[in-house]
Amino acid sequence: MKNDLNEIEAELERTVTSDHVLMTETAVHLLKAGGKRIRPVFTLLSGKFGSYSLDVMKGVAVPLELIHMASLVHDDVIDDAKTRRGQLTVKAKWDNRIAMYTGDYIHGKALTVATRLHNPRIHQILSKAMVEMCIGEMEQIRDFFNTDQTIRNYLLRIRRKTALLIAISCQLGAVAAEAREEYANALYRFGYNVGMTFQIRDDLLDLCGTEKQIGKPPGSDIRQGNITLPVLLALQESHLRDPLLREIAMIRRTNGEGDTSEALRLIRGSRGIKQAEALADRYTRKALAALEGLPDISAKKSLKGIAHFVNKRNY
């Protein structure tokens, strides 16, 4: 699907290009920083289970990736992030105001592309997901440095923040291609479970990866106050709870500028890392199970391969 993905990439750039020089520069800056483009890939592959048309698929894949991109620009402002994918963020290269309007602009462009599709169900699914994503982001802000939050709260949050957009990327690819309803539902379940795996692995990489691997300093989440699954699991270990709480409190007092090396050492040495990996494995198994009733076409094999990749990725 290389040619189709190249066309999606070109369409993304065409879409964010405008007569306004600065707006184009900031939007293209994020686009050129790269990314896995996992959402467009899932959309295109899911469309293979129906009447596949690249022109139709672009009307879904491009808005989904643009919505994701816009959320990244806004996230970087909230998190005061300096780098993403090894490049300066929009807020770091310009400022917060430029970044916020860039994110809004990209959101608007996403909706403009989506209007090319005349299936109201697609718009309903897309708009509902955008609302849920915003709620997930608000929940994350609410729970910054909250070491008493439950694992259930964490899972609900990442469902909204990450898994839902990946789930509808699969679902809408099938819906736009007029695939059978049971196929669209199965692909939604696949995408949801892959999305949960994706975020858990992302949280693990932030704690265990290197700056070269993840394109930003390790421990960025904990500096920002984002208490993720491995941290919550480590806090359940009685011998680690008090020293880890002290480290997190110190990081909070210094507004994320304190040394995170001891906190990372404690978390990496806990059972929480293995337990989080086990949960990611479980979601991957559920994703693969969701594909069982789908036709045995090459797209199905590709989806399986991506699910395994997401669960074992190191960047």
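These legends describe close-up views of a predicted model.

**View 1. Phe-198 and its contacts.**
Phe-198 sits in helix H9, which spans residues 181-208. Its relative accessibility is 10%, so Phe-198 counts as buried. Leaving aside residues up to four places away in sequence, Phe-198 touches Lys-36, Ile-38, Thr-162, Ile-166, Val-310 and Arg-313. Ile-227 lies 29 residues from Phe-198 along the chain, and the two C-alpha atoms are 17 Å apart.

**View 2. The largest pocket.**
The largest pocket holds about 1,300 Å³ of space. Its lining is made up of 49 residues. Closest to the centre of this pocket are Asp-76, Asp-79, Arg-84, Lys-216 and Asp-221. By class, the lining has 21 charged, 15 polar and 13 nonpolar residues.

**View 3. Elements around the largest pocket.**
Several helices and a strand each supply at least two lining residues. Among them are helix H3 (38-47), helix H4 (54-79), strand S1 (83-84) and helix H7 (120-142). Helix H8 (151-176), H9, helix H10 (211-214) and helix H11 (220-224) also belong to this group. H4 gives the most to the lining, with eight residues.

About 240 Å³ of space lies in the second largest pocket. The lining of this pocket numbers 13 residues. Nearest its centre are Ser-71, His-74, Met-133, Cys-134 and Glu-137. H4, helix H6 (96-114) and H7 each give two or more residues to the lining. The largest share comes from H7, with six residues. Eight of the lining residues are nonpolar, three are polar and two are charged.

Side chains of opposite charge can pair when their charged atoms come close. The structure holds 25 salt bridges. One of them joins Glu-11 and Arg-14, at 2.6 Å from N to O. Both residues lie in helix H1 (residues 2-16). They are three residues apart, about one turn of the helix. Glu-11 counts as buried because its relative accessibility is 7%. Arg-14 is partly exposed, with a relative accessible area of 48%.

Arg-121 and Glu-181 form a salt bridge, with their closest N and O atoms 3.0 Å apart. Arg-121 is in helix H7 and Glu-181 in helix H9, so the pair links distant parts of the chain, 60 residues apart. Arg-121 counts as partly exposed, at 28% relative accessibility. Glu-181 is also partly exposed, at 39%.

Glu-132 meets Arg-160 in a salt bridge, at 2.8 Å from N to O. This pair also links distant parts of the chain. Glu-132 belongs to helix H7 and Arg-160 to helix H8, 28 residues apart. With 17% relative accessibility, Glu-132 counts as buried, because the cut-off for buried is under 20%. Elsewhere, salt bridges that share partners join six residues into one network: Glu-7, Glu-11, Arg-14, Asp-55, Lys-58 and Arg-116.

How values were computed
Residues numbered from 1 in each chain as written. Predicted model: local features only at pLDDT ≥ 70, side-chain atom pairs only at ≥ 80, totals over all residues. Heavy atoms only, no water. Helix = DSSP H or I, 4+ residues; strand = E, 2+ residues; numbered from the N terminus. Buried < 20%, exposed > 50% of the residue type's maximum accessible area, 1.4 Å probe, protein only. Contact = heavy atoms within 4.5 Å. 1 Å grid on protein atoms, 1.4 Å probe; cavity = no way out; pocket = protein on both sides within 12 Å on 5 of 7 lines; lining within 4 Å. Points joined across faces, edges and corners; volume = space filled by probe spheres on them. Nonpolar A, V, L, I, M, F, W, Y, C, P; charged D, E, K, R; others polar. Salt bridge = Lys/Arg side-chain N within 4 Å of Asp/Glu carboxyl O.
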